[in-house]
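Reader: I would like to learn how to read a model like this one, feature by feature. Could you take me through it, giving the general idea and then the case at hand?

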Amino acid sequence: MDDLIQRARNGDSEAFVTLFEHSKQALWRAAMAVLGNVDDAADVLQETTVKAWRAMPRFGGRCAVGTWFMRILLRTCYDYRRRRQRETPCAMGFFDADVDGSGVSWEPAAEAMLAGAGVRRAPDRDEALDVRAALGKLSADDRLVLVLFYVNDFPVRHVSLIMNLSEGAVRTRLARARDRFKIIYGNPGSHEKAEVAR
């Protein structure tokens, strides 16, 4: 990996593409968590690719390259939202297609989310869909922290670097997002209760 990073820093586009492809699915899911719209996420991912390529010679290696890509992506997402001056509500198709069109297997992600909510069993397909629907009702910030931790499987330390927060703040956000998720998942009509709990 270090060889790829060094080659990419020296302008080797093939090495950069290899590095970026390794992180692409996680980046896509994070963009969808923040923006909730396939077209916006695709635009942001493309813009992130260009920004990362231009900034690659300045990559200092103080964090993992995937974490660095994720920070660029999140800044780009928030800039994009500001430019659009609107937050797209999450559609029913939230996470339907992954960046390569192959789709996301929600059973492992649902199992992790349900375990975080205190449910200790393997979910079936319907429960996985319910998890996805509950995620879609959360705020973009809640979706992001849950997706980074449970779906992309980043440890708290990496989430803190990505979100530029302390590890304690990430744990707090995770706990609060899990609580709101539990309310929505446990009672699909209780979206208002989750908003009040903020």
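Predicted model: local features only at pLDDT ≥ 70, side-chain atom pairs only at ≥ 80, totals over all residues.

Reader: How should I read the overall architecture, and how many helices and strands does the protein chain have?

Author: The protein chain has 10 helices and zero strands, so that reading along the sequence gives the pattern α-α-α-α-α-α-α-α-α-α. Of the contacts between residues at least 6 apart in sequence, 65% join residues at least 24 apart.

Reader: What share of the residues is buried, and which residues touch the most other members of the largest nonpolar core?

Author: In soluble globular proteins, nonpolar side chains tend to be buried together. Here, buried residues make up 44% of the 198 residues in the protein chain. The largest nonpolar core holds 50 residues, and those touching the most other members are Met56, Trp68, Phe69, Met70, Leu73, Leu146 and Leu148. Several helices each supply at least two residues of this core, among them helix H1 (2–9), helix H3 (38–55) and helix H9 (167–186), while H2 gives the most, with 12 residues. At least three residues of this core come from each of domain 1 (1–87) and domain 2 (128–186).

Reader: Taking Phe69 as an example, which residues is it in contact with, once neighbours within four places in sequence are left aside?

Author: With those neighbours left aside, Phe69 is in contact with Phe16, Leu19, Phe20, Ser23, Leu27, Thr48 and Ala52.

Reader: Is Leu74 buried or exposed, and what does Leu74 touch?

Author: A residue is buried when its relative accessible area is under 20%, and Leu74, at 4% relative accessibility, therefore counts as buried. Leu74 belongs to helix H4 (residues 65–84) and touches Val34, Leu144 and Ile162, not counting residues up to four places away in sequence. Leu74 and Met163 are 89 residues apart in sequence, yet their C-alpha atoms are 8.0 Å apart in space.

Terms used:
Residues numbered from 1 in each chain as written. Heavy atoms only, no water. Helix = DSSP H or I, 4+ residues; strand = E, 2+ residues; numbered from the N terminus. Buried < 20%, exposed > 50% of the residue type's maximum accessible area, 1.4 Å probe, protein only. Contact = heavy atoms within 4.5 Å. Core = buried A, V, L, I, M, F, W, Y, C linked by side-chain atoms within 4.5 Å. Domains from an automatic or database assignment.
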